[in-house]
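User: Hi! I would like to understand how the labels for this model are assigned. Could you take me through them?

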Amino acid sequence: MSNLIAPSILAADFANLQRDIEMVNNSEADWFHIDIMDGVFVPNISFGMPVLKAIKQHATKTIDVHLMIVNPDQYIQTFADLGADILTVHYEACTHLHRTIQAIKATGMKAGVALNPHTPIAVLEDIIEDLDMVCLMSVNPGFGGQSFIENTYKKVSQLKHLIEFTESNCQIEIDGGVTNKNANALIEAGANVLVAGSYVFKSDNPTETIADLKNIIA
């Protein structure tokens, strides 16, 4: 399983969104990571369907949509119609998680589950074999530019063990505070998809920053 970089569009310049989308298209990045926030599940509001539709018109790589919203079930088909390739919902937002995952897969999208920093890996034991990806939040969700939570390494190792024990094909994604200082350690712990937002888009040369990350995790 190859190691992937997914720049987070939450950190892009919204006044020059097409420019930043095309930068990612032409870079060594693998996915677009799209954070949808509702101001209820998390304290921030990011963007919704019209912006995702605009991104899809220009993006040429995998669209990885991360829903930080309550009641994600009512929007599953909408995000499929908008062109999401992967749809990740939060464990903490889903009362009937198995049903939600099956509904995502029924649309043809891959299904992911995100865990907040305080949520233990053990809650995934009965669902891990149905998942295409687990997104471990390495910051508290809702805002970009936060510092990496060191306990994440332990959770990655625990999740990797669970995946191997169940013979799941699930990918491990890390979201929050990823830089060149922790990328290699996260891959060594078992992660294979790294989301990088502010570290990429606030750098002097985002294309080179992405290339540097890809080189570190190769």
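Analyst: Happy to. Let me start with Arg19, which counts as partly exposed because its relative accessibility is 48%, and partly exposed is the class between buried (under 20% relative accessible area) and exposed (over 50%), with a 1.4 Å probe and protein chains only. This is a predicted model, where local features need pLDDT of at least 70, side-chain atom pairs count only at pLDDT 80 or more, and totals for chains, interfaces and linings use all residues. Residues are numbered from 1 along each chain as its sequence is written, and side-chain values use heavy atoms, with hydrogens and water left out.

User: Why is the pairing of Asp13 with Arg19 called a salt bridge?

Analyst: The term asks for a side-chain nitrogen of Lys or Arg within 4 Å of a carboxyl oxygen of Asp or Glu. In Asp13 and Arg19 the closest N and O atoms are 3.6 Å apart, so the pair meets the rule. Arg19 also meets Asp20 in a salt bridge, at 3.0 Å from N to O.

User: What makes Asp20 buried or exposed?

Analyst: Asp20 has a relative accessible area of 7%, so Asp20 is buried. Asp13, at 31%, is partly exposed.

User: Which salt bridge does Lys214 form?

Analyst: The side chain of Lys214 meets that of Asp30, 2.9 Å from N to O. Lys214 counts as buried because its relative accessibility is 17%, while Asp30, at 21%, counts as partly exposed.

User: How do you know that His33, Asp35, His66 and Asp175 gather at one spot?

Analyst: UniProt lists these four under "binding site" in an unreviewed entry; such annotations may be inferred rather than shown by experiment. They span 143 residues in sequence, yet no two of their C-alpha atoms are more than 10.3 Å apart, so they gather at one spot.

User: What makes the pairing of His33 and Asp64 a polar contact?

Analyst: A polar contact is a pair of N or O atoms within 3.5 Å; within protein, one must be able to donate a hydrogen and the other to accept it, and residues adjacent in sequence count only if both atoms are side-chain atoms. The side chains of His33 and Asp64 make theirs at 2.7 Å. The side chain of Asp35 likewise makes a polar contact with that of Ser8, at 3.1 Å.
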